[in-house]
Each structure stands twice: as structure tokens, then as C-alpha cells.
Amino acid sequence: MISADGSTTRGDDTTTYEVAELLGELTVAVEAALPDEIWIRGQIRNLSKSRKGHVYFDLVTPAPAERSPEAVLPVVLFDWYRKIVNRILGPGAAGQMVDGVEVRVRGQVSIYKARGQLQLQMKAIDPAYTLSRLADERDRLLAELKAAGLLERNRALPLPTLPLRVGLVTSAGSAAEADFRHVLTASGIGWEILVVDTPVQGFGSEQRIAAALALAEQHGAEVIALVRGGGARTELAPFDSEAVAHAVTARSVPVLTGIGHEIDRSVADVVAHNACNTPTACAAALVERAGQFDRAALALWRGIEGAATARLAADRRLLDAAGRRTGAAVAASCRTARNDVRRLALAIDRAARHCSERARLRLDALEAQAHAYDPQRALERGWSITTDGEGHLLRSVAGIRPGATLRTRMSDGTVTSTADAVTPSETNRERP
């Protein structure tokens, strides 16, 4: 019942609480049940920080990112205690608290009346627990990968001779990306950088990194660089995750890591093709690979040049020797031919002189014969040559008619006469 002054009264059958009253009784019950600070372990989710420096997060039963946790406890870390926790963690211990990391924290369980929820007011943390959990999970995963024969799978892939198309998996705009790009750009080589932007820390980042590795390969990367700047062990926890490890071993192209810590190697470093200490060193490894190709190509060209020079020198020597042999053979042939020509010339000269002598003798004989048969000599000896009026030689009186014109040639002139009579000789009369 509610009295006239607004207070709550309790009846016999039912009890009605005012909200603040109920929460007050719950607070008393909680403080009675858990009067002292307690240690509690779980996985950090939904971590945030207020402008006043207070930190809020949920401590949940560990579960994969794709599943909702079975139990959730809100935690508040007031600024004063946050400074104490940071000194406990420090750079030499587990480092910062981040989503997805399992922690063991100490605090006071209370009821937050403004929201009507149970919460833990955190006051301390056990960094050894976080480190131990990370180490145990790392060892378990490495043993599992070894048993499955996956530790060397990516390392067994051949690294391209000149991997110019590089898939860069990192947080876009980060110092890691800038350092990586600077080294490649300064090399003067025509790299093609495919940046796959993905968060590299925080809850669920391991699944996003795994998806980014697959996406880089799908877009034709010849080699994948997985890089991140330095950080605490808890910040680098995604690189010790099962999802990232299996994503690296599932790639059909080499994966190079530059995760930025030098003391311990992450599981991603172990299963990668090459593990470099920093993003800068990862980019330098690619530049060195390209330099090896350049030096190999230069050495090959120099070898070709040397072989060609040696071959040309050898061919020149062979050609010179062949030229000398040819010259000697030509000279010998010329001498032989010259001797043959001389012999032939002598033979021709002798034959020509012989032929000339024979021709001269023949001509002399013909000349003597011609001289002997020369009509002029016969005319000089008293003979004469008679022709008819047309100049035809007359060898017989046959065919000459009286009155025919006759021309008689003598040694000193020609006499033209007319035939008065034709008297055949006795010898011609007796012929049949």
C-alpha cells in the first residue's frame, strides 16, 4: 500500500518495492554475498573510454566473434584505478587492454542503480594471466598447425622472380602503410600496390584480416604483405589467432609479414613465406628481391655479351685462318695457273709459229703456182687471149660465126677484129 505521504507499506499477502528500495536491498544482498574484492576472468568486449578518463567494457564468457557470449558482466574502470592498471601492465607486460583479449581482473561487485544493472568496479589486473593465456593459445595453435603439416605450406611456394603486383593488408592511412609505401617508392621500381584496408587489432580483427588476405589474392596479387606497426602483446594478439594462421596457409601466393615486434614471432610470422621485423623491412625484402632480378638480368646480359665477344673473337680467328689458307691456296693456284698459262702460251707460240711457217710455205707455193699460171706470163711468151664482143672467153672456134667481133689480148695490148671465116682444125673434124 501507498500511504498518504507517498511511502510504501507492506501488506500480508504481497510486498511492493519502490525501485530505489529494491535496488538498495539488492546492493545489500550483493555486498553481503560478496563483501570483498574478487578475481574474475573473461574476454573483453565493447571497450570504450569516456572524456573523464573512465574505461567501460563488457567481460564475457569467451566465444567466437560470430556468436553471442553466454554471459556478460559490465565493468567500469574509473580513471584513478585506470592509471594504476596502466602502471601494472606497462610496456614490459601484457600491454593495453583491447577487445578480444582474455584477462583476469580484480574488483568489487556492485549494483549500478542508475541503470539497475550488476557491474564490476575494476581496481587491478593480473598481466601474467593474459600473457599465459596468449602463450598457451599460441603453443596450442602451433602444435595443431604442425600436426596438420601447415607450418611450411606457404613457405614452400615459389617467390616470384619480380613480384611487382603487391597486395598490402593493413590499416589504411597507418604509419605501417606509409613506411611500406615509402620504401617501395624510393626504390624507383614500378610497383603496383593493392591496399586492402582492414583493422589489425581489436575484437573480431582476426576474421577481418583473414578475409583481407583472401581478397588480396582474389584481386591478382603476386605476393601479399601483412604489416602492422609495433604494439603491446595484447594488441598483436590477432596475429596469433587461428583464423589468421589458416588464412595465411590457405593462400596460393607467398605471404610476407612485417608485424613490427622483434622479441617474439607471432604465429602469422611462423607460417608466412618470409617474416620481417617491421613493415619497412618487409618492403625492403621486396626491393631486394627486385634487385636480385635486376642483378641477375645484368649478369645474364654480361654473360651474353662476354659469350658473344668470345664467339666473335673465335670466329674472327677462324675467319683469319681461313682467309690465310684461302690466300695461300689462291696464290698457289695462281702460280700453277700462271705456269700453265706460260706453258700454254709457249705451246701456242710454237704452234702459231709452226702454223705460220706452214702457211708461209703454202703461200709461197701457191704464189709460185699462181705466178706460173699467170696469163700475163703466157702473153709475154707469145700467147694471146681471144674473147667475143661481149667479153666471153673463146676456147674453141665452135660458136664463132663469120662477121663476129673478136677481141684479142696480147702482152702489150688488145686487137679488135671481125671474123671473116671459121676453119676448124683437123683434130676437131675427126671427133665424133
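Predicted model: local features only at pLDDT ≥ 70, side-chain atom pairs only at ≥ 80, totals over all residues.
User: What makes E1 and E4 paired strands?
Analyst: Two strands pair if DSSP finds at least two bridges between them. Strand E1 (residues 38-49) and strand E4 (residues 102-112) are joined by 6 bridges, so they meet that definition. They run antiparallel, and Gly42 stands opposite Val103 in E4. Strands are DSSP runs (E, at least two residues), and helices likewise (H or I, at least four), numbered from the N terminus.

User: Which helix packs on the sheet by E1, E4 and E5?
Analyst: Helix H3 (residues 127-147) touches these strands; contact means heavy atoms within 4.5 Å. The direction of H3 makes about 130° with that of E4. Such angles run from 0 to 180 degrees between N-to-C directions, with axes fitted to C-alpha atoms, for helices over the stretch in contact.

User: In what order do the strands of the barrel close?
Analyst: The 5 strands follow the order E1-E2-E3-E5-E4, with mixed pairing.

User: Why are E7 and E10 called edge strands?
Analyst: The open sheet has the order E7-E6-E8-E9-E10. Strand E7 (192-197) and strand E10 (274-276) each have a single partner strand, so one side of each lacks a neighbour in the sheet.

Notes
Residues numbered from 1 in each chain as written. Heavy atoms only, no water.
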